[in-house]
Structure formats: structure tokens, C-alpha cells
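Here is a short tour for anyone meeting this structure for the first time. Have a look at the sequence and the model, then read on.

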Amino acid sequence: MPMYKEEVDPSLQALESRQEEILKRLYELKSAVDGLSKMIQTPDADFDVTNIIQADEYSPLTANAADLDSMLGKGYGALKDIVINANPSLPPLSLLVLHSLLCEHYKILSAVHTHSSVKSVPENLLKCFGEQTKKQSRHEYQFGFTLIWKDVPKPQMKFSIQTMCPIEGEGNIARFLFSLFGQKYNAVTSTLIDSWVDTAIFQLKEGSSKEKAAVLRSMNASLGKTPWLVGSELTVADIVAWCALQQTGSSNAVPVNVHKWMKSCENLAPFNSVLRLLK
């Protein structure tokens, strides 16, 4: 009997080749994922993250400048104005530190007012921004910063973009105000900063005694590797965490690294506004 050589459809051959290539790539991807999984589960994972943080490029706060028009909206001749409503029964201390820092960086027209919903406000809160040393015409300032003591459940902030919803919560407002310095961070650093801000607000400031103790242990471990909570420069995480410790009265009984870090914060002039307020 004659033998006939079976003809293979070229399109079928091409399909088989593509399938083999796909399977090869999937295997390589699985190997890569397995390798990453092992790396993440090792005790050295934290050290790797620390290296990423330290490799981030920092620059002094006074060296950068944010685009105020893009962040606060165009003023069309009027002064850009940040307005914050806060309850005097629980002053948002971190916002006072940030106001002082911003005053070192920008020309700010500062004001403190009392809303009719509040019966009385302590004198020190009415003077929490200090005295405006030099009165200038409005157009000479870069933006206004107005604090209104009002009966609100949590701090609220609005600025000159009229259609925006208020930014609520001390942590969120602090993040926004710090962004006015124009600092840029990589994704790892940004995530860690956000995490520390949330931890400071929801656990250190509002949590149980066990939660606070756990946070202090984590802070102590972190500050054993870097001088500030996230890397080698002050961030909004340090400001919010320091203020939370001051507000909860936990600043005296802290681990050694946390104590050293607190002193580093207090050596910076903007923190003095809060220290004067708490006397």
C-alpha cells in the first residue's frame, strides 16, 4: 500500500507555536512572582523598603515652590484664600504647625475668627497665629489663611475653587497643606507617609491604650533606622504624629528613639506655636 505523508495545516502549526510561546511566558511570569513572594516574606523585606525610602530624592522645604494657581485655583485678581473651620474643644494642632511652616515659605495673610455657633474661645486660641507683624495691602500676599473656630464635628477646609467639596479631617487637610511645599516622593515613600498620618490620627490620637502602645513600638522601631518617620527629612507624618502625642498627653512616657525624635521636632521653630499653646 502506498504511504501518504500527512500534510499539516500551516495555520495549525503557527497556532501551536504561539501556544508554546504563551506557556513559556506564563511559566517565566510564575517564577518571577514566586521569587517576589519569597522576597516579601523574608525578614529583610523591611530593610529593602528602608533602602527605597533613603534612595528617594529629598530637597529642603524652602527650595521648592508649588504651582499655587493649579492647586488653589486662579484668583482673578482676588487673594487666594484657604478657610478652615475647626472646633476649639479639640484644636487641630498639626494645622498650626503647618501654618507656621507655610509662613516661612510664602507671604500669607493670616486671620482667626469665631463663628456664632461657639459661645467662647480661649484667648490663646484666638491668638494661635501670633500677631501679624507687618500690615500690607492684600495684593502683596500670595494667599490668605483663615481659621474659624466653629462647632463642627471635624476640621473642614475650603479654598477659592467655589465648586469643590470641603476637605474634611485633620489628616487630609494636613496632607493638602504640606503639598503646597511642592515636595515630590516616590510611590513607596508616599504610601508610608499616608500610612503614618492615618495611624497617628486613628490609633495614636483616637485609639485605645493598647493601640497607642503598639504604635509607639512601631514608631520606635522605625526611628531606629531613620531620623524621621519616613526617611531623612521632615514630612507631614512627623508633624501629625508629634501633634497627636502632644494632644493625648502621651509625650512624656515614650521609648528612647521616639523621645529623641520629639526633641528634633521641638528644635524646629514652627513647632513652638503648639508648645506655646499647650503651656
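Which side chain meets that of arginine 175 in a salt bridge? That of aspartate 198 does, at 2.8 Å from N to O. A salt bridge here is a side-chain nitrogen of Lys or Arg within 4 Å of a carboxyl oxygen of Asp or Glu.

## What you're looking at

This is a predicted model, where local features need pLDDT of at least 70 and side-chain atom pairs count only at pLDDT 80 or more, while totals for chains, interfaces and linings use all residues. Residues are numbered from 1 along each chain as its sequence is written, and side-chain values use heavy atoms, with hydrogens and water left out.

The protein chain averages a pLDDT (the predictor's confidence in each residue, from 0 to 100) of 81, and 75% of the residues score at least 70. Contact means heavy atoms within 4.5 Å.

## Two helices side by side

Helices are DSSP runs of H or I with at least four residues, numbered from the N terminus. Helix 4 (residues 93-105) and helix 6 (residues 170-179) have axes that come within 9 Å and cross at roughly 10 degrees. Axes are lines fitted to C-alpha atoms over the stretch in contact, with angles from 0 to 180 degrees between N-to-C directions. Helix 4 and helix 6 are therefore roughly parallel to each other, a label for angles under 35 degrees.

Who touches whom? Leu93, Ser94, Leu95, Leu98 and Leu102 of helix 4 meet Glu170, Ile173, Ala174, Leu177 and Phe178 of helix 6.

## Salt bridges

The whole structure has five salt bridges. In one of them, glutamate 170 pairs with lysine 205, the closest N and O atoms being 2.5 Å apart. Glutamate 170 sits in helix 6 and lysine 205 in helix 7 (residues 187-205), 35 residues apart. Glutamate 170 counts as buried at 8% relative accessibility, and lysine 205 is buried too, at 16%. Buried means under 20% relative accessible area, exposed over 50%, and partly exposed in between (1.4 Å probe, protein chains only).

Back to the opening pair: arginine 175 lies in helix 6 and aspartate 198 in helix 7, so they tie together parts that are 23 residues apart in sequence. Aspartate 198 is partly exposed, at 34%. Arg175, Asp194 and Asp198 are linked in a network of salt bridges.

How values were computed:
Parallel < 35°, antiparallel > 145°, perpendicular 65-115°, else oblique.
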